[in-house]
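This report describes a structural model in running text. Please examine the sequence and the coordinates before reading on.

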Amino acid sequence: MRETVKVSKIFLLNEKFQKLDRSLIYMILALGLISILSLYSIDKGQGTIYLKHLVRFVFAFIILITVAFTHVNFWYRYAYHFYFLILFLLVVLKFVGVTAKGAQRWLDFGFFHVQPSEVAKLAIILVLAKFYNLVKVENTNKLFSLLASAILILIPFLLVLRQPDLGTAVLILGAALGTLWIVGLNRKIFISGFIIIILCLPFIFAGMKPYQKQRVVNFFNTERDPLGANYQVIQSKIGIGSGGIFGKGYLKGSQSSLDFVPENHTDFVFSHFAEEFGLVGSLLLLWLFFSIIKRVTLIGDQSKNNFSKIFCYAFAFNFFLYIAINLGMVTGLLPVVGVPLPILSYGGTAMLTNMIGLGIVLSSKLYNEDFI
Amino acid sequence: MKLFKHRPTEGYQTKTSIINRRKAILTTAKYTFFGIIGLRLLWLQVFQRNKYSTLSDRNRFKEWKIAAERGLILDRFNNKIAENRQLYRIALIKGDVTDLDFVLTTLNKFLRLDNETIEKTRSDFIKLRKFQPYVINKNLTWAEFSKINSNLFILNGVQPFISMERHYNFPYEFAHVLGYVGVPNENDLQNQKDDLYRTPGIKIGKLGIEKILNRELIGTPGFTRFEVNAAGRAVRTVEFVDGVSGNALKTSLDLELQKLTYQKLGRYAGSAIAMDIKTGEVLACVSTPSFDTNKFAFGITQPEFNELLKNERKPLINKFLSGQYSPGSVIKPIIALAALENKIVDQDYTHFCSGKIELYGQEFYCWKDGGHGRINLKDAVKKSCDIYFYEVARLLGVDRLAETIRKFDFGQAALKDFDEEKKGLVPDTKWKKNVLGKPWLLGETLITGIGQGYILATPMQICKSMAEFANGGYKVNPTFYLDEKSKLSRMDFDAENIKIINEALVAATNEPGGTSYGSRLNGKLKFAGKTGTSQVTKLTIKDREDNANPNSREYKYRDHSLFAGFGPVEEPKYAVAVVAEHAGPGSRIAAPIASSMFDFLFKKRISNA
């Protein structure tokens with residue numbers, strides 16, 4: 001009897017391995033490889049950034065697999081706990097956070113820094129997915145559920161905005177709105193919401209920090225101050241544009257390697273990639289990102305429970321939002337807000353958050369036959 | 001709990017269908033945005049690729065130009081008159097200098113820099129861009145250079161280097177012809193279209209041939225192309241391209257003759273020119289007093305420069321081109337030619353000279369007290385009789401005089417490319433009316449006939465006119481270069497008349513009683529020529545009495561001493577003009593100088609040939 005159980009467990013594990021979404025994992029590994037090679041190329045093999053990133057990626061990948069084999073039910077059950085833990089960290093950050101670049105973003109845990117605002121993006125998706133899984137479909141647009149979700153969204157949003165970290169705050173709001181859209185919130189509410197936001201824009205602008213104002217002004221006036229705040233976008237465009245169709249070749253890019261592009265390891269990492277691999281490489285990378293999003297969406301489609309569906313779709317949207325805002329920013333289509341490119345950009349917390357998110361997606365696939 | 005249902009089974013399908021529909025709309029949005037990003041990349045990487053590639057290279061590469069070695073300047077026998085020497089110098093590189101004060105005091109210990117240099121370095125240093133080198137304005141000896149080299153470990157940011165700098169082998173002799181080089185100033189930089197002049201350490205021609213042929217001499221700078229990072233620091237050397245030295249320039253000048261001429265002019269302020277009468281090639285041209293062009297090339301100090309500026313004898317003025325003098329009797333051959341050409345007189349016409357003539361209520365004197373008696377054209381030229389030429393000028397009238405004088409290109413630049421060249425002045429009635437607004441006076445015609453009054457000429461013009469007499473009436477274009485072949489074109493004169501004048505000039509030097517008889521050469525080869533003593537101010541009776549001793553007058557009122565001639569007489573080859581300012585009679589000062597120049601030419605250049 002005991003042996004049977006053991007065999008069935010092994011059989012079960014084997015079955016799970018068979019069911020694991022290999023293509024998504026290969027795509028994630030490809031992205032990780034591209035990321036490490038790019039960071040290596042930016043520093044032309046000097047320094048330790050690419051090695052740190054490699055270690056982080058390996059660590060995050062182990063977590064990804066661990067999360068993948070954890071039943072999605074775990075995340076459903078502890079979604080609220082997770083959410084409040086993040087809120088707690090955001091509040092704690094206010095008092096003991098590490099200040100960098102004029103904002104308190106990091107919590108120092110001694111051996112590593114954590115950016116709770118990054119994790120908040122995941123938390124908001126989880127909490128809304130659970131909330132709307134519980135809400136009856138006819139109550140989705142009722143005032144009570146609207147108010148509840150508004151509170152769930154606004155607390156982390158405002159906390160992050162006050163750090164101040166406009167980019168992450170916008171992404172939290174974006175992820176939340178995406179989730180609300182998926183769960184079927186009335187279009188009229190969205191439309192009136194947008195109108196209200198547009199009416200509030202002047203006040204938001206007035207409340208911005210000077211550097212944030214500068215970025216918005218610069219976005220609408222690209223020729224202004226080419227050596228000042230707009231410098232990064234111009235240099236980034238030079239990097240991308242000079243790559244041409246086939247690129248300058250691996251290790252031959254100069255814009256980021258010679259430090260003309262600021263934030264070259266983090267937000268502007270794509271500029272270096274595009275410089276070395278040109279249009280062909282950039283479109284392939286774009287295709288890889290798009291495939292990941294499609295794959296995540298497909299896993300959502302295959303899932304039988306609504307929590308998994310909502311989570312997959314919302315995570316896919318959030319992933320897309322990162323890519324869209326980052327690429328829009330580095331190609332000069334959108335104003336510069338500090339949004340990293342998922343997995344490709346150097347940065348621990350964002351990597352971890354994305355990998356946990358992808359882990360939950362993989363878990364959704366493994367347990368897609370189960371109802372919650 | 002009506003709002004919540006722990007395990008939602010009711011309405012489950014509806015919720016899923018809503019979610020699926022909403023997802024589909026989002027997917028469309030994603031496709032759209034990825035499409036936009038794709039198009040944006042296409043635009044940047046394909047359509048704007050060239051623009052961004054250029055910008056990327058401009059970011060990435062910086063060039064450090066290295067001035068090429070300047071072309072040598074040679075005389076007609078390939079002697080070097082301007083060359084380049086290795087100089088030991090040091091530069092400071094801003095980004096690498098950690099402590100400027102320490103570096104300067106240490107350098108001071110080794111090199112004994114003067115305070116001015118230190119202060120200038122300090123103030124210039126602030127204005128520099130990062131990693132831009134600054135060359136300290138001092139030449140080092142080999143000993144100093146090696147001392148700095150062995151102490152480099154304490155001198156952060158000091159870069160010793162060897163550069164090739166212009167050196168003039170005969171700085172005084174050739175100062176005004178060759179000119180000198182110097183660091184380009186703001187004006188030079190603005191007039192320059194390309195960035196050649198921005199080459200660090202480059203020197204450009206500031207005067208004379210160095211300036212005129214700067215482009216040929218300066219060569220093409222070499223460069224080192226560096227890859228720099230955003231901070232401007234050189235990361236690696238990408239390529240090194242050698243410069244091309246400037247072309248060597250062979251001039252028409254004759255070093256030996258130039259040295260001799262400079263020496264003979266000696267203490268006089270003035271100029272002397274020797275010219276080939278057929279080609280117009282200038283063999284020698286000296287202006288005195290002179291200055292040390294090597295000092296200029298390296299940056300003369302203000303006190304030294306002020307000294308030169310204040311000097312009453314004007315060392316900085318190029319006297320053979322910019323000195324304008326009343327030609328005095330040197331003009332007489334041309335006046336005589338005008339008379340013959342206009343058939344006012346012929347060879348046999350005589351006029352009586354009593355030493356003094358009264359015309360238009362004024363007294364006009366001949367230089368010789370008591371006069372020359374009855375005198376014909378040849379003797380009038382030979383003895384330089386003023387009364388004869390007053391008469392000729394009176395008969396011709398100033399406008400016909402001026403016409404002939406102009407045919408010798410007086411009143412216009414003899415060389416085209418020297419900015420400092422003056423044109424001289426040929427007066428006539430129209431000129432006086434237009435410029436001075438006054439009618440011409442007949443007395444002025446008379447003094448124009450002896451090269452006084454308004455008429456002004458440069459030594460170069462005088463020498464050119466003498467060359468044109470000597471070659472039998474062909475146009476001469478003076479030049480400093482050998483490669484220019486000037487076409488011989490006949491001037492609009494009767495060859496017979498030119499011959500008559502030339503014979504008179506031969507007599508003036510080689511027959512007793514001629515004005516330059518005392519300076520004649522006794523060898524087989526002889527020269528011919530006309531003296532001139534041009535008055536700077538109108539002479540008073542007392543001055544005339546004192547004339548025996550010209551030094552009694554204040555320097556600036558003393559007569560200019562002139563001589564213009566050609567030789568050898570049998571087969572003319574060379575023309576010479578000498579002007580010694582405020583030196584006294586032409587026969588006494590200028591003619592002997594010319595004589596020694598002819599002597600050299602006959603002995604060293606003709607017998608050798």
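The model is predicted: local features need pLDDT of at least 70 and side-chain atom pairs count only at pLDDT 80 or more, while totals for chains, interfaces and linings use all residues. Residues are numbered from 1 along each chain as its sequence is written, and chains are lettered from A and ligands numbered from 1 in the order in which they are written.

## Chain A

Chain A contains 14 helices and three strands; helices (H or I, at least four residues) and strands (E, at least two) are DSSP runs, numbered from the N terminus. Of its 372 residues, 51% count as buried. A residue is buried if 20 or more other C-beta atoms lie within 10 Å of its own, exposed if 12 or fewer, and partly exposed in between, with C-beta atoms placed from the backbone. Among contacts in chain A with a separation of 6 or more, 71% join residues 24 or more positions apart. Two residues are in contact if their C-beta atoms, placed from the backbone, lie within 7 Å.

The buried residues of α3(A) are A:Tyr50, A:His53, A:Arg56, A:Phe57, A:Ala60, A:Leu64, A:Val67 and A:Ala68. They lie on the same side of α3(A), because they cover an arc of only 115 degrees around the axis; the arc is that of the directions from the helix axis to the C-beta atoms. These buried residues pack against α2 (22-42) and α14 (348-366) of chain A. On the other side of α3(A), A:Leu51, A:Val55, A:Val58 and A:Ile62 are exposed.

A:Phe205 belongs to helix α9 (residues 187-206) of chain A. With 12 other C-beta atoms within 10 Å, A:Phe205 is exposed. Leaving aside residues up to four places away in sequence, A:Phe205 touches A:Lys213 and A:Val216. The C-alpha atoms of A:Phe205 and A:Val216, eleven residues apart along the chain, are separated by 8.8 Å.

## The side of chain B that touches chain A

In chain B, 38 residues are in contact with 44 residues of chain A. On the chain B side, the elements that give two or more residues are α1 (12-47) and α2 (49-60) of chain B. The largest share, 20 residues, comes from α1(B). By class, this side of chain B has 18 nonpolar, eleven polar and nine charged residues. Here Ala, Val, Leu, Ile, Met, Phe, Trp, Tyr, Cys and Pro count as nonpolar, Asp, Glu, Lys and Arg as charged, and the others, Gly among them, as polar.

## Sheets of chain B

Two strands pair if DSSP finds at least two bridges between them.

| Strands | Bridges |
|---|---|
| β8 (residues 222-228) and β9 of chain B | six bridges |
| β14 (residues 356-359) and β15 (residues 362-365) of chain B | four bridges |
| β11 (residues 270-276) and β12 of chain B | six bridges |

Three strands of chain B form an open antiparallel sheet in the order β1-β8-β9. Its edge strands are β1 (61-66) and β9 (234-241) of chain B, each pairing on one side only. The twist averages 25 degrees from one strand to the next; axes are lines fitted to C-alpha atoms, for helices over the stretch in contact, and angles run from 0 to 180 degrees between N-to-C directions. The bridge partner of B:Phe223 in β9(B) is B:Val241.

β14(B) and β15(B) form a hairpin with two residues between them, and B:Tyr360 in the turn has a positive phi of about 50 degrees. Opposite B:Ile357 stands B:Phe364 in β15(B), and B:Lys356 has B:Tyr365 of β15(B) as its bridge partner.

A further open sheet of chain B has five strands in the order β12-β11-β19-β18-β17, with antiparallel pairing. At its edges stand β12 (282-288) and β17 (528-534) of chain B, each with a single partner strand, so one side of each is left without a neighbour in the sheet. Neighbouring strands of this sheet are turned by 5 degrees against each other on average, direction ignored. B:Met275 stands opposite B:Val282 in β12(B). Helix α20 (residues 459-470) of chain B lies across β11, β18 (560-567) and β19 (574-580) of chain B, at about 150 degrees to β19(B). Helix α21 (residues 495-510) of chain B also packs on the sheet, where it touches β17 and β18 of chain B and makes about 75 degrees with the direction of β17(B).
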